[in-house]
Amino acid sequence: MDISCAFATASDTPAHVELAETLGYRHAWLYDSPALYPDVWMVLTRCAERTTRIGLGPGVLVPSLRHPMVNAAAIAELAHQAPGRVVVAVGPGFTGRMALGQRPMPWRKVAEYVRCLRALLAGDTAEWEGAKISMLHLPGFGASRPIEVPILIGAEGPKGLAVAAELGDGVFSAAVPQPDAVNLTDWRALLCFGTVLDDGEELTSARAVDAAGPGAVVLYHAVYERAGAAVDNFPGGQGWRAAVEAFPEDERHLAIHAGHLVQANPRDEPYVAELIPLASSMALTGTAEHVAEKIAGLAEQGVTEIVYQPAGSAIERELEAFANAPGLTG
């Protein structure tokens with residue numbers, strides 16, 4: 001089991017990635033949601049300059065945000081800066097699109113994009129939007145082709161897993177393992193949230209709420225976007241939905257996703273403490289011993305890489321506490 005980390009990409013993420021490397025994390029995955037966070041490639045470049053061992057990459061890239069040549073060129077430069085360390089995940093988009101008022105992309109479009117991206121990185125001529133394209137970079141303008149970087153597919157459900165089986169080097173899932181992925185690939189990464197509690201600390205302590213709250217309230221965001229009023233089944237869900245639906249429909253996505261995985265927004269805040277006990281049962285929250293047991297349980301379900309996203313106002317503390325739970329060594 002690899003233990004990796006993920007970050008809601010921020011200006012201080014390079015310092016946090018540098019710390020993660022010293023703590024022994026395998027990869028650092030950075031989110032690609034430009035409505036919420038700084039440009040992922042700019043920050044990854046800064047991470048490469050501050051580290052020497054930890055794997056680096058976007059998780060997950062959203063194809064509609066950039067022409068495939070733009071991502072191919074970015075991958076080439078990052079691979080030049082951090083040879084042998086670059087990893088990439090591609091998916092249909094959650095907040096990367098929803099924070100822009102768009103639904104996730106069709107899997108057919110994701111597959112077309114990944115095929116084109118792979119062709120470009122291999123040094124082949126590809127076709128996009130009716131035109132032949134190829135990386136024309138001369139020596140000194142990024143890594144030379146072919147550029148071999150693993151590409152994971154941010155897959156949920158049978159359509160996503162089919163794309164992963166055809167085009168991916170692994171599966172990158174969020175919160176819930178994909179049991180069928182066990183038969184598709186040997187690399188099964190799972191994005192997880194939560195916090196390691198101090199001895200005797202309650203789930204609803206101010207520190208725990210600060211750290212676990214951002215991951216907990218994503219339950220509201222995800223369920224509402226997919227199933228609307230079904231969010232009422234969660235603690236505080238009815239009140240949360242009423243607050244969100246007070247906004248005009250064409251601005252509602254802005255009210256939902258503000259602060260996503262960074263801090264609870266004003267619609268979330270009144271219900272965080274109420275939601276955390278349920279959310280924590282599904283997250284990597286608990287004492288260090290309990291978290292280690294949860295990680296072992298996920299390994300038994302076929303997860304091969306835990307990708308932990310620290311949150312709250314003390315990212316360094318969260319990284320260190322989580323690394324200690326399974327006994328990582330730098």
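Two strands count as paired if DSSP finds at least two bridges between them, and helices (H or I, at least four residues) and strands (E, at least two) are DSSP runs numbered from the N terminus. The model is predicted, so local features need pLDDT of at least 70 and side-chain atom pairs count only at pLDDT 80 or more, while totals for chains, interfaces and linings use all residues. Residues are numbered from 1 along each chain as its sequence is written, and side-chain values use heavy atoms, with hydrogens and water left out.

**Exercise 1. Work out in what order the strands of the open sheet lie, and which strands stand at its edges.**

Step 1: the sheet is open and is formed by eight strands, in the order S3-S2-S1-S10-S9-S8-S7-S4, with parallel pairing.
Step 2: strand S3 (55-58) and strand S4 (88-90) each have a single partner strand, so one side of each lacks a neighbour in the sheet, and these two stand at the edges.

**Exercise 2. Describe helix H5 and find what covers its buried residues.**

Step 1: helix H5 (residues 107-122) has 16 residues and reaches 22 Å from its first C-alpha to its last, close to the expected 22 Å, where the expected span is 1.5 Å times one less than the number of residues.
Step 2: taking buried as under 20% relative accessible area (exposed is over 50%, partly exposed in between, with a 1.4 Å probe and protein chains only), the buried residues of H5 include Trp107, Val110, Tyr113, Val114 and Leu117.
Step 3: with contact meaning heavy atoms within 4.5 Å, the cover over the buried residues of H5 includes helix H3 (68-81), S4, strand S5 (126-128) and helix H6 (157-167).
Step 4: just after H5, Gly123 takes a positive phi of about 90°.

**Exercise 3. Classify the ring pairs Tyr31 with Tyr37 and Tyr113 with Trp128.**

Step 1: rings of Phe, Tyr and Trp (its six-membered ring) pair if their centres lie within 6.5 Å, and planes under 30 degrees apart count as stacked, over 60 as edge-to-face and the rest as tilted; this rule gives six aromatic pairs.
Step 2: the rings of Tyr31 and Tyr37 have centres 6.2 Å apart and planes at 45°, so the pair is tilted.
Step 3: the rings of Tyr113 and Trp128 have centres 5.6 Å apart and planes at 90°, so the pair is edge-to-face; Tyr113 lies in helix H5 and Trp128 in strand S5, 15 residues apart.
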